[in-house]
Amino acid sequence: KEESVTPAPETTCPDGSSCSATSTCCPTATGGYGCCPTVDATCCSDHEHCCPKEYPVCDVSQGLCKKASTDMFGITMLVKEESVTPAPETTCPDGSSCSATSTCCPTATGGYGCCPTVDATCCSDHEHCCPKEYPVCDVSQGLCKKASTDMFGITML
């Protein structure tokens, strides 16, 4: 089994996509969301840029972020990055996660690992699993079998 993944901290945008925890979700012109590479940013009306919280006023016509709308000078607007649409996941009982094409199985250390197949049987040794087509774990032989009375099977995952 593979170790399950504890995801890096992230911010979930209203459309379900995500940005890093050090970014701000901002709407795009296409109706999705992009990531402004700074926390608590101001999203600009052009749906392409953003401004850091220290310069919260977007002057789209000049392409500047200003501290106040009356300022003559500012800093160059930040360009948003693409947000990430997460791959479907399965959440394990301990809060870790596996891909939706995996099965969460308990490990010997008390955590969970990911068996690389859907609807797998988790074996009693807490190290292996068997695909649903061969659901019987024969730990002593290291095989997955279709039935406990079968002589042959496939190697455990």
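Guide: Contact here means that heavy atoms lie within 4.5 Å of each other. The model is a predicted one, and the distances and areas that follow are computed from it.

With that criterion, Asp15 touches Gly32 and Tyr33, when residues up to four places away in sequence are left out of the count. Asp15 belongs to the loop between β2 (10-12) and β3 (18-20). Between Asp15 and Gly32 there are 17 residues of separation in sequence, yet their C-alpha atoms are 6.5 Å apart in space.

A disulfide is a covalent bond between the sulfur atoms of two cysteines. The search of the whole structure finds 12 disulfides, and three of these are described here, including the one between Cys26 and Cys43.

The sulfur atoms of Cys26 and Cys43 are 2.0 Å apart. The torsion about their S-S bond is -80°, and the link is left-handed. This pair connects distant parts of the chain: Cys26 lies in strand β4 (residues 24-27) and Cys43 in strand β6 (residues 42-43), 17 residues apart. The two ends differ in their surroundings. Cys26 counts as buried because its relative accessibility is 0%, whereas Cys43, with a relative accessible area of 33%, is partly exposed.

A second disulfide joins Cys105 to Cys122, with an S to S distance of 2.0 Å. The torsion about that S-S bond is about -80°, so the disulfide is left-handed. Here too distant parts of the chain are linked: Cys105 is in strand β15 (residues 103-106), Cys122 is in strand β17 (residues 121-122), and the two are 17 residues apart. Cys105 has 0% relative accessibility and therefore counts as buried; Cys122 is partly exposed, with a relative accessible area of 31%.

Cys130 in strand β18 (residues 129-130) and Cys144 in strand β20 (residues 143-145) are 14 residues apart, and the pair links distant parts of the chain. Cys130 counts as buried at 0% relative accessibility, and Cys144 counts as buried at 0% as well.

Strand β20, which holds Cys144, leads us to a sheet. An open sheet is formed by 3 strands in the order β19-β20-β21, with antiparallel pairing. β19 (136-138) and β21 (154-155) stand at the edges; each has a single partner strand, so one side of each is left without a neighbour in the sheet. The antiparallel strands β19 and β20 are joined by 3 bridges, and Val136 stands opposite Lys145 in β20.

Lys145 brings us to the charged pairs. Side chains of opposite charge can pair when their charged atoms come close. The count of salt bridges comes to 2. In one of them, the side chains of Lys145 and Asp138 meet at 2.9 Å, N to O. Lys145 is buried because its relative accessible area is 4%, and Asp138 is buried with 15%.

The other salt bridge is formed by Asp59 and Lys66, whose closest N and O atoms are 2.8 Å apart. Asp59 counts as buried, because its relative accessibility is 16%, and buried means under 20%. Lys66 is buried, with a relative accessible area of 4%.

Finally, the aromatic rings. A search of the whole structure finds 0 aromatic pairs. Lysines do sit over rings, however: Lys67 lies over the face of Tyr55 at 5.2 Å from the ring centre, and Lys146 lies over the face of Tyr134, at 5.2 Å from the ring centre.

Key: Residues numbered from 1 in each chain as written. Predicted model: local features only at pLDDT ≥ 70, side-chain atom pairs only at ≥ 80, totals over all residues. Heavy atoms only, no water. Disulfide = S-S within 2.5 Å. Helix = DSSP H or I, 4+ residues; strand = E, 2+ residues; numbered from the N terminus. Buried < 20%, exposed > 50% of the residue type's maximum accessible area, 1.4 Å probe, protein only. Pairing = 2+ DSSP bridges. Phe/Tyr/Trp six-rings, centres within 6.5 Å; stacked < 30°, edge-to-face > 60°. Lys NZ or Arg CZ within 6 Å of the ring centre and 35° of its normal. Salt bridge = Lys/Arg side-chain N within 4 Å of Asp/Glu carboxyl O.
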